[in-house]
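Subject: A structure to look through, with notes

Dear colleague,

Please keep it beside you as you go.

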Amino acid sequence: MSLEELMNQEVTSVSKEPEPFGRAPAAIQIITNDQIRRSGASSLPEALRLADNLEVAQDNAHDWNISARGFNANLSNKLLVLIDGRTVYSPLFSGVFWDVQNVMLEDLDRIEVISGPGGTLWGANAVNGVINVISKSAQDTQGWYAEAGAGTELEDFTAVRYGGKLAPDVYFRVYGTYFDRNNEVFTNGATATDDWSEGRGGFRLDTAGTSDDKFTLQGDYYNGASGTVPTPGTNVESGENVIGRWSHTFSPDSDMSLQLYYDRTNLSKPTSPSIFLGTTFEPGGNFSDSLDTYDANFQHRFAVGDRNKITWGAGYRFTHDQNNNAPTLAFYPAPLEQNLWSCFVQDEIKLLDDLFLTLGTKLEHNDYTGFEFQPSGRLQWNITPKQMIWGAISRAVRTPSRIDHDSAQPTGLPSPLPGSILSGTTAFTSETLIAYELGYRAQLADRISGSISTYYNDYDDIRSTTATAPFNLPIYLHNNLEAETYGVEVSADYQMLDWWRLHAGYDFLKEHVHVKPGQVDFTHGLNETADPQNQFSFRSSMDLPQNIELDAGLRWVDRLTINNGPNPGGVPDYFELEARLAWHPTKDLEISIVGQNLLHDQHAEYGFPSPTQVQIERSVYGKISWHF
């Protein structure tokens, strides 16, 4: 894909309608299918390292911490992630269990990553960013595809997909995947017992775009297990989902869509005992959770005259959550049903031929805090056909999760045993953000394109922690923190030669989190953040003679501080290198070898410094893939 084709690549996450990437007025980055293939990424979190505006830190073999614009702590909760329109954050903590989001990378069309608030269109939790993972249509994945490989950490893996035609203009595909990952190691050299395996299968059916009506039906099932650290045990996770989507085009300026989905997730996790000064106050146990989600969304777009393009919609979500509580982790009530109502409207106003103002807001009602509104105003000036300046002021909210509101000390425990490690409060309210953004995106020449985004974020009512006597447990969650953050995100592509492309990205973040006057916080405002101040990435992609591809990616991550231990501890800054060499003996056959984390035998990306901090090891794997 040329740089001009990349700037014209269709994106939908900024305004909920198709528009060229180069004209989307937000801090958006796009990860194409070809970029994922050439990076050698073997999972969705690894693919997200390609977005310069994200912080991606691998915690162990199967857990990642991913955020935009800060707040990338253990319970990070300000990033909304969608896979084909299905929200995948857990209402337990408003975060993402990344180890169950293993989409088949070959069938992805693109990943759109927005840093900055998106609550006006996408709702609560799109506070610091939105990740929208979009699959190819069944029409674009016809025939057989198979891949298999093995390596040192990714020990063995395979994937098979078949796409066919059921009737004129009706296409389908089915797929299955399996992988097995090896354990990482602890700082003390011992095995980390965090090995991970998962099997997954699914289908997608699409009608072709030859009429005004399009239908999509797709679904997935997965079942996996992973080891726990530092205490040996086994996480067991499974789930299934099905999505139906109908879209109808009334005219070039008017269309609508209706989407329905059902999603079920099951997880079972061992919990650690509560130990203080060598004394076990509570034994370990096992926590399990089953969540059923039913979601309906309607959207309509139309034009009013020559100057107004209006998009509006409404949605409803019903969830049924059932916990089996453990001694040190409990939610009351254990079964909980919740309702979420929402509607939004947005108007793109053409002020001049090259000047646009977009105004909109989303109104939601949830069972914890009632009504929430998230307005925004966005100005776009197309300086030339290939240069654009944009600015925005937005309000976004992060509504309470179950851990904020419902986590509690188990009943029936003798006093003064502390019970839960964390305890929520029914008075927990929504965190709020007022964000100010300014950005510039351009194709400066045929071979150079880039963007720069700046922001200033003003947060209020951020989650805080309050310890209780005599054991400091449980730690109660309140809204006693405020914060200001600001930063710069830079991204640039250079097609140096027809066969050689370079890419560079830089991310600067400054955070100031503080306790509200007259209030308290157990960690003095430090526990919500664990972010590098600077990040830099550089990638090179070469197309060599004899159908050989050579790709390399270098990243530098600044020191980050972990605060959820007895004293703050840092993860040192580090360089790491990924490299891939691939040969195409025929057009449809690819043989490749990928090296990951090549600069160190092992290194830490997250976690409190200790003998049992997990170290991510250097790894190599080989892969054969074939379309037929």
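What follows is an account of what was found, taken topic by topic.

Please bear in mind from the start that this is a predicted model, and that every value below was computed from it.

I begin with the nonpolar side chains. In soluble globular proteins, nonpolar side chains tend to be buried together. Here the largest nonpolar core holds 49 residues, and the members that touch the most others are L48, L54, I66, W98, I111 and I131. Strand β6 gives the most to this core, contributing five residues.

A residue worth a slow look is K78, which lies in the loop between β5 (64-67) and β6 (79-83). Is K78 buried or exposed? Its relative accessibility is 4%, and because buried means under 20%, K78 counts as buried. The side chain of K78 makes a polar contact with the side chain of E431, at 3.0 Å. Apart from its neighbours within four places in sequence, K78 is in contact with F71, N125, A126, V127, N128, G129, R398, E431, Y459 and E528.

Next come the salt bridges, of which the count is 43. One of them joins D263 to R86, with the closest N and O atoms 3.3 Å apart. Since D263 lies in strand β17 (residues 254-271) and R86 in strand β7 (residues 86-87), this pair ties together parts that are 177 residues apart in sequence. Both D263 and R86 are buried.

Another salt bridge is formed by D107 and R173, whose closest N and O atoms are 3.5 Å apart. D107 sits in the loop between β7 and β8 (108-115), whereas R173 belongs to strand β12 (residues 170-181), so the pair ties together parts that are 66 residues apart in sequence. D107 counts as buried at 5% relative accessibility, and R173 counts as buried at 5% relative accessibility as well.

A further salt bridge, between D461 and K516, has its closest N and O atoms 2.3 Å apart. This pair links distant parts of the chain, with D461 in strand β28 (residues 448-466) and K516 in the loop between β30 (500-515) and β31 (534-544), 55 residues apart. D461 has a relative accessibility of 19% and counts as buried, while K516, at 17%, also counts as buried. Beyond these pairs, you can trace a network of salt bridges that links D34, R37, R38, D543, E549, D551, R580 and E590.

Some rings have a charged side chain over them: K16 lies over the face of W122, at 4.6 Å from the ring centre, and R441 lies over the face of F21, at 4.9 Å from the ring centre.

As for the backbone, most residues other than glycine have a negative phi, and most peptide bonds are trans. Against that background, the peptide bond from Y332 to P333 is cis, with omega near 0 degrees, and P333 is found in the loop between β21 (308-324) and β22 (335-352). N547, although not a glycine, has a positive phi of about 60 degrees, and N547 lies in the loop between β31 and β32 (548-557). N597 is not a glycine either, yet it has a positive phi of about 55 degrees. N597 is found in the loop between β36 (589-596) and β37 (602-603), and, with a relative accessible area of 6%, N597 is buried.

How far apart in space are I475 and L589? They are 56 Å apart, C-alpha to C-alpha, and 114 residues apart in sequence.

With best wishes

Notes
Residues numbered from 1 in each chain as written. Predicted model: local features only at pLDDT ≥ 70, side-chain atom pairs only at ≥ 80, totals over all residues. Heavy atoms only, no water. Helix = DSSP H or I, 4+ residues; strand = E, 2+ residues; numbered from the N terminus. Buried < 20%, exposed > 50% of the residue type's maximum accessible area, 1.4 Å probe, protein only. Polar contact = N/O pair within 3.5 Å; in protein donor to acceptor, adjacent residues only side chain to side chain. Contact = heavy atoms within 4.5 Å. Lys NZ or Arg CZ within 6 Å of the ring centre and 35° of its normal. Core = buried A, V, L, I, M, F, W, Y, C linked by side-chain atoms within 4.5 Å. Salt bridge = Lys/Arg side-chain N within 4 Å of Asp/Glu carboxyl O.
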